[in-house]
Amino acid sequence: MLLRDIAILDENLDFQDHQYVGIIDGAIDYIGSEPPADVMRYGDVYNGCGKLAMPALYNAHAHAPMTLLRGFAENLPLDRWLNEKCWPFEAKMTPEDNYWATLLACAEMSRYGVVSFSDMYYATPERARAVGEAGMKANLCEGLLAFEPKPYSEYPICQLNEQYVRDLHGSYDGRILIDYNIHAEYTSNEQTCRDIIEILHGNNLRLHLHLSETEKEVQECRQRHGGLSPVEYFDSIGAFDVPCTAAHCVWLSSNDIDILDRKGVFVANNPVSNMKLGSGFAPIPEMLERGMNICVGSDGMASNNNHNLFGDLYVMGLIYKGSTLDPSVVEPKQILRAATRTGALSQGRSNCGVMKEGMRADICVLDITGPQWCPMVQPDYNVVFAGDGSDVVMTICDGKIVYQNGSWTGIDIEQVKFEVQQRTQRIISEL
């Protein structure tokens, strides 16, 4: 494919107008202001006049099947939200429920320019099948609630994860990767956590967990672990000595931030979910100032309600200016980098997330002819503060179109919506 006469956000997220982008074998083969020497070798030509091509988005923390719970668990703090609503509902979900719900999440994410997501949930084979059919990428981990202190090998999930790594890791041409999961400090025990961390050492797999999401979580952790915060506790057992993405990270001390910085932890900020559940604001300005690994997540649809990650970028761009009373903090390029390159790196996808020759062709194309895009004085500000996911007209994953102008190449959207609606109604009737 050749994108002709299109504006781009280049590898530095700078705006370049009237460019040509050539895609071959799933990778960006050419970027330049003149047509490539052999136009015919790229096949189909896309007229990019009035369009902007930018790196596609990477959702660093999601619970994709929770599309089934959209609007179901509202106006509750995290502990009641989990215990009274989410966990009872999830106990009724079948593997096929997870499949259809994940397909809906894939449709929604790709509609809004997302090509890959890090997903913590259940029914991993069914989720992998949905992502594969949608043509997207995902890092999938099987959710673990380990309240009983016993070796990890005594939990059935231990053997399941070994099977998933063997059968699914690298499947669908490398688009599916398997991570390991520790749900959170308050839903696990030290023995099981240490066993998981030991498995991860040296095997090139990654860890995904929730961390310091609420003030109550931090206070109760200190009571359980001799004054240690969740960050200090997980650091003490080696969780950050393996590649780790930690979601939320709202209630952090200065020592917590030092630890996360020193260990190179990827912090998945979930600005919309954190506000909707009344959890607070992660100290993103300080972490960005340090140059830490900040990425962006939507969280699940019971605590966000939509997968339009551009909305999360908009919120992320505003809340820290208001909460710090400093309009200069958290600039658009920092936000865009978090949602693209750093998000890709959080998944271990080092050849993704940048508009650069040789990188994987993960691209979202936006229509920039709408009135909100005019004038283009500082285009990165237009993308974050004026544009929206609804401006996405095409999403390309590994060089293949997965969404374009209201249609999905691997998803029958009407069937998916019907299935999800019916399955949600069934589960609610069973509760």
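**Notes on the predicted model**

1. The side chains of E74 and K276 form a salt bridge, with N and O 2.3 Å apart. This is a predicted model, and the distance is to be read as such. The bridge ties together distant parts of the chain: E74 sits in the loop between β6 (57-62) and α1 (78-90), K276 belongs to helix α10 (residues 271-276), and 202 residues separate them. E74 is partly exposed because its relative accessibility is 25%. K276 is also partly exposed, at a relative accessible area of 34%.

2. How many salt bridges does the structure hold? The count is 28. One of them joins D167 to R166, where the closest N and O atoms are 3.6 Å apart. Exposed, partly exposed or buried? R166 has 59% relative accessibility and so counts as exposed, whereas D167, at 46%, counts as partly exposed. The cut-off between these two classes is 50%.

3. A further salt bridge pairs K417 with E414, and here the closest N and O atoms lie 3.4 Å apart. Both residues are in helix α16 (residues 413-430); they are three residues apart, which means a separation of about one helical turn. An α-helix has 3.6 residues a turn, so residues three or four places apart point the same way. K417 is partly exposed at 42% relative accessibility, while E414 is exposed at 51%. Elsewhere, shared partners connect D97, E419, R423, R426 and E430 into one salt-bridge network.

4. On the nonpolar side, the largest core has 114 residues, and the members touching the most others are L69, W81, F234, F240 and L260. The greatest contribution to this core comes from helix α2 (residues 95-111), which supplies nine residues. Beyond residues up to four places away in sequence, L260 touches L211, V231, F240, C249, L252, V265, V267 and M292. Another core, of 16 residues, lies apart from the largest one and includes L3, Y46, A53 and V393. In soluble globular proteins, nonpolar side chains tend to be buried together.

5. In what order do the strands of the open sheet run? The order is β6-β7-β8-β9, four strands with parallel pairing. β6 and β9 (176-178) are the edge strands, each pairing on one side only. Ignoring direction, neighbouring strands of this sheet are turned against each other by 15° on average. Between β6 and strand β7 (residues 114-121), which run parallel, there are four bridges; N59 has F117 in β7 as its bridge partner. Helix α3 (residues 124-134) lies across β7, β8 (137-142) and β9, and runs at about 175° to β8.

6. Strand β11 (residues 207-211) is mostly covered, with five of its five residues buried. In a regular strand the side chains alternate between the two faces of the sheet. Both faces of β11 are covered: L207, L209 and L211 are buried on one side, and H208 and H210 are buried on the other. Strand β10 (residues 180-182) runs parallel to β11 and is joined to β11 by three bridges, with Y180 and L207 as bridge partners.

7. H248 is located in strand β12 (residues 244-248). The relative accessibility of H248 is 0%, so H248 counts as buried. Which residues are in contact with H248, leaving aside neighbours within four places in sequence? They are H61, H210, L211, E213, A268, N270, S273, N274, A282 and D299. The C-alpha atoms of H248 and V315 are separated by 15 Å, and the two residues are 67 residues apart along the chain.

8. Helix α12 (residues 309-324) can be checked for length. With 16 residues at 1.5 Å a residue, the helix should span 22 Å, and its end C-alpha atoms are 23 Å apart, so the two values agree. The buried residues in α12 are L309, F310, D312, L313, V315, M316, G317, I319, Y320 and K321. Just after α12, L325 has a positive phi of about 60°.

Definitions and conventions
Residues numbered from 1 in each chain as written. Predicted model: local features only at pLDDT ≥ 70, side-chain atom pairs only at ≥ 80, totals over all residues. Heavy atoms only, no water. Helix = DSSP H or I, 4+ residues; strand = E, 2+ residues; numbered from the N terminus. Expected span 1.5 Å × (residues − 1). Buried < 20%, exposed > 50% of the residue type's maximum accessible area, 1.4 Å probe, protein only. Salt bridge = Lys/Arg side-chain N within 4 Å of Asp/Glu carboxyl O. Core = buried A, V, L, I, M, F, W, Y, C linked by side-chain atoms within 4.5 Å. Contact = heavy atoms within 4.5 Å. Pairing = 2+ DSSP bridges. Axes fitted to C-alpha atoms, helices over the stretch in contact; angles between N-to-C directions.
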